[in-house]
Protein chains: 2
Amino acid sequence: MTRVLHDGEALVRNASVAATELIREAILDGRLEPGTRLKEEELARQLGISRTPVREALLMLQAESLVVATPNRGAMVRVHEAEDLDDLYQLRALLEGHATRRAATRISEPEIEVLRESCERFDALSPEEDLRELVRENLLFHNTILDVAGSARLATMVRKVIELPLVYKSYIWYSPDQKRISVHYHRQIVNALAMRDAERAELVMKEHVFEARDLLVSHVRAHPLALEGH
Amino acid sequence: MTRVLHDGEALVRNASVAATELIREAILDGRLEPGTRLKEEELARQLGISRTPVREALLMLQAESLVVATPNRGAMVRVHEAEDLDDLYQLRALLEGHATRRAATRISEPEIEVLRESCERFDALSPEEDLRELVRENLLFHNTILDVAGSARLATMVRKVIELPLVYKSYIWYSPDQKRISVHYHRQIVNALAMRDAERAELVMKEHVFEARDLLVSHVRAHPLALEGH
DNA sequence: GCGCTGCGAATTGCATACTGTATGTTGCCG
DNA sequence: CGGCAACATACAGTATGCAATTCGCAGCGC
């Protein structure tokens with residue numbers, strides 16, 4: 001039994017939310033692969049807490065649909081089929097496109113500047129060395145737009161929808177070529193926002209999302225079970 | 001302390017999900033008004049179970065954003081501001097419009113028939129006597145379209161977004177005049193779907209949702225705190 | 001009279017013990 | 001040798017007790 005969760009004094013505040021965060025992280029960066037069974041007692045031991053907060057954490061993650069559970073048989077890390085992902089990205093395109101459209105009519109000059117700077121940093125990062133940073137910077141870009149869109153509900157929904165596919169190895173997206181393309185789209189989006197061209201901002205964002213989907217879906221179709229844990 | 005939940009042998013299966021359903025229902029039909037504090041022990045007593053499954057139920061409802069909780073201070077039924085609701089309905093219009101568009105390209109003849117029948121039943125109901133039935137029939141109509149749209153994720157999202165405002169008294173929507181208008185929109189939507197006119201189906205659905213929003217928001221603005229429990 | 005402090009009740013957070021259910025295994029009978 | 005049934009085990013579901021936190025209130029000093 002390999003120990004995927006390091007326990008300890010990370011559990012300062014609230015045991016259940018801390019557990020939620022730790023497990024979520026472990027899932028998102030692949031230490032807990034799709035299909036892994038999540039046994040309450042084992043997790044509790046590893047985190048140095050009792051089963052109660054672990055159960056609560058698993059419930060939250062279930063609500064986020066990062067894990068699935070069947071009655072009396074426990075939880076496991078959710079496995080996503082290609083169709084699932086396709087579905088998911090269509091939703092994301094719809095929602096994030098809409099958010100971008102809203103952002104275009106609300107964005108301020110300083111916010112535009114923030115986005116431009118994000119583009120520069122993104123551009124400067126190297127896919128080989130700074131993969132994690134690349135993912136982070138990308139999230140920052142998208143989150144900024146969500147904030148500008150000014151709808152809390154929309155933002156949380158999109159964030160949930162963005163989060164899920166991060167289960168999959170991020171190097172899929174960021175081959176040097178892909179990175180260049182992403183940078184390009186980010187810049188085009190910022191330009192459209194700067195011109196307050198809502199229509200076009202939405203359009204480019206949607207295409208950006210669709211291309212991410214294409215990459216991911218084709219990768220999953222090519223390596224269907226490379227994600228299962230054996 | 002009035003007893004808003006009737007306990008009993010309804011709790012056959014799984015205490016936590018049963019509790020979730022009972023509490024959700026109580027919130028949705030107003031037995032638990034927005035702002036009510038939800039004390040674990042009290043709910044547990046009323047449902048004849050222990051605090052543990054109640055806690056889990058409250059967590060689920062929190063994920064559905066029917067209740068909000070602050071650490072160490074417990075949960076309460078969520079209060080929605082007018083802006084909140086506005087926001088919510090914009091999302092619903094976007095999502096349900098999209099679902100309707102998808103439905104237009106996928107719907108089969110029997111499904112069209114189901115929708116037409118729903119319209120007839122809806123038309124036949126009286127707002128004064130069969131308010132509950134009216135709400136039910138309306139949900140059936142919308143849910144059918146969601147099913148036809150063929151995206152599980154989209155469907156569950158929309159259902160969550162539809163559910164929330166049901167907290168508010170349904171008679172708002174179904175004055176005799178409003179009912180007539182709703183019937184009209186339902187019929188127009190079915191017609192558009194029958195003609196596989198995706199554009200128009202989406203359009204009408206959106207307008208239908210927007211009008212529901214207008215009614216609700218103006219009502220809430222007019223009676224802002226009529227919902228608080230004092 | 002006003003505010004600050006400390007105590008106590010109420011209630012949530014967490015741990016642990018017990019109960020119920022599902023599944024895999026063994027041994028018996030056909 | 002195969003199938004079925006009783007048992008054993010592992011784990012999820014539930015109850016309960018104790019610890020920790022919050023908040024109201026009283027009493028005290030200023």
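Visitor: Which residues of strand β3 of chain A lie on its covered face, and which on its uncovered one?

Guide: This is a predicted model. In a regular strand the side chains alternate between the two faces of the sheet. Strand β3 (residues 74-77) of chain A has G74(A) and M76(A) on the uncovered face, while the covered face holds A75(A) and V77(A).

Visitor: How many bridges join strand β1 of chain A to β3(A), and which residue stands opposite A75(A)?

Guide: Strand β1 (residues 37-38) of chain A and β3(A) run antiparallel, joined by two bridges. A75(A) belongs to the covered face of β3(A). The residue opposite A75(A) is L38(A).

Visitor: How many bridges join strand β2 of chain A to β3(A)?

Guide: Strand β2 covers residues 67-70 of chain A and runs antiparallel to β3(A). T70(A) stands opposite G74(A), a residue of the uncovered face. The number of bridges between β2(A) and β3(A) is four.

Visitor: Which residue in the turn between β2(A) and β3(A) has a positive phi?

Guide: The two strands form a hairpin, with three residues between them. A phi of about 65° occurs in this turn, at N72(A).

Visitor: Which element gives the largest share of the surface near DNA strand C?

Guide: Of the 17 residues around DNA strand C, those that come nearest are A15(A), I49(A), S50(A), T52(A) and G74(B). Two or more residues each come from α1 (15-28) and α3 (51-63) of chain A and from α2 (40-47) of chain B. The largest share, three residues, is that of α3(A).

Visitor: How many residues of that surface are charged?

Guide: Four of the residues near DNA strand C are nonpolar and eight are polar. The charged ones number five.

Key: Residues are numbered from 1 along each chain as its sequence is written. Chains are lettered from A and ligands numbered from 1 in the order in which they are written. This is a predicted model: local features need pLDDT of at least 70, side-chain atom pairs count only at pLDDT 80 or more; totals for chains, interfaces and linings use all residues. A residue is buried if 20 or more other C-beta atoms lie within 10 Å of its own, exposed if 12 or fewer, and partly exposed in between; C-beta atoms are placed from the backbone. Two strands pair if DSSP finds at least two bridges between them. A residue is near a molecule or strand if its C-beta atom, placed from the backbone, lies within 6 Å of it. Ala, Val, Leu, Ile, Met, Phe, Trp, Tyr, Cys and Pro count as nonpolar, Asp, Glu, Lys and Arg as charged, and the others, Gly among them, as polar.
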